[in-house]
Amino acid sequence: MKENRTTNNKGIVTNEKIMKLQKRLNENNLTRAEKHDLTEELNWEKYRADPRPSMALRKFKFMDGLIYLGDTLIFGFMGITDNTKNGIDHKGFNAAGIVMCVIIALLIALVFVYLHKHSKYKIEPMDELANRNMNKAQHAAFLCLVGIGFAFALIKGLLNATGVTTIKNNTIIDLLATTLFIYDFFANMIFVYLEGKDVSANEEEDE
Amino acid sequence: MAELKTKLKEYRASRDMKQGDLAELVGVRRETIIRLEKGQYNPSLKLAMDIAKVFGTTVEELFFYEDSDEI
């Protein structure tokens, strides 16, 4: 396999088998299931041909989760500060502004670490167990999100039963983004938990 | 209740093969092989056949059902 390895004009590692798979994947007569199988096979061929050290999918998804947590904090904070009665200025030099700066600085640092790791290591592709765990994690994340929504509505209703809740137009996008990012955060973290459950990723190889 | 058992570990050990090597040959992660060996995961037919092919045996020889007394 290694002797066949070469790099294309974009500097991407490839070999004859990868090129054949890519050609086959571009054919129009493939069913959805065949495309899925071929894509999986192609990802594994690329992984095998890549000379970089490997990084466990679990670690990668954990970093993904942290980035989504950072995004959730930014959009959530913006949404909360914008939607308070008189609006808290998170753009000025005040407590809210400083908190916002700290969150953004942390997220940027995290993105740099993420990109560095992404370029230094090859990431394990998804396999059938990972796909199964990710489906479970997404289902659980959706239930978490619905639970949070209900809990929030219940608390709000109990505290202020006769009041009216208004959402300012400029915070609708913050609310949507926060919902999506929190869902992705939950999905990634639950995936990490499921992957580590019962089996230690660092389990020693048999002697 | 019948439980799915496997001889994967024995076959792998007899060929002096590491979990990572087998994982790479059949296109899955090492975690998947670990779970298969521990009986914590039932493989798809495709994966079972790929593993059997690596060891030059049949799926039935590698994976089999064993009756457990617990109901």
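## Salt bridges

Arg48(A) and Glu45(A) join their side chains in a salt bridge, 2.9 Å from N to O. The term covers a side-chain nitrogen of Lys or Arg within 4 Å of a carboxyl oxygen of Asp or Glu. Both Arg48(A) and Glu45(A) belong to helix 2 of chain A, 3 residues apart, about one turn of the helix. Helices are DSSP runs of H or I with at least four residues, strands are runs of E with at least two, and numbering starts at the N terminus. Over all chains, the whole structure holds 9 salt bridges.

## Basis of the model

This is a predicted model: local features need pLDDT of at least 70, side-chain atom pairs count only at pLDDT 80 or more, and totals for chains, interfaces and linings use all residues. Residues are numbered from 1 along each chain as its sequence is written, chains are lettered from A and ligands numbered from 1 in the order in which they are written, and side-chain values use heavy atoms, with hydrogens and water left out.

## Interface of chains A and B

Chain A brings 24 residues to the contact and chain B brings 23 residues; contact here means heavy atoms within 4.5 Å. About 2100 Å² is buried between the two chains, with carbon and sulfur atoms giving 43%. Buried area is the accessible area (1.4 Å probe) that two parts lose on being put together, summed over both.

The interface has 2 salt bridges. Arg29(B) and Glu195(A) meet through their side chains in a salt bridge at 2.5 Å, N to O. Between chain A and chain B, 9 residue pairs are in polar contact, both at pLDDT 80 or more. A polar contact is a pair of N or O atoms within 3.5 Å; within protein, one must be able to donate a hydrogen and the other to accept it, and residues adjacent in sequence count only if both atoms are side-chain atoms. On the side of chain A that touches chain B, helix 2 (32-49), helix 5 (128-159) and helix 6 (169-196) each supply at least two residues. Helix 5 gives the most, with 4 residues. By class, this side has 9 nonpolar, 3 polar and 12 charged residues. Ala, Val, Leu, Ile, Met, Phe, Trp, Tyr, Cys and Pro count as nonpolar, Asp, Glu, Lys and Arg as charged, and the others, Gly among them, as polar.

## Largest pocket

The largest pocket has a volume of about 940 Å³. On a 1 Å grid over the protein atoms alone, a pocket is an open set of points with protein on both sides within 12 Å along at least five of seven lines, while a cavity is a set where a 1.4 Å probe fits but cannot get out; lining residues have an atom within 4 Å of a point. Points are joined across faces, edges and corners, and a volume is the space filled by probe spheres set on them.

Helix 6 of chain A gives the most to the pocket lining, with 6 residues. The lining divides into 9 nonpolar, 11 polar and 4 charged residues.
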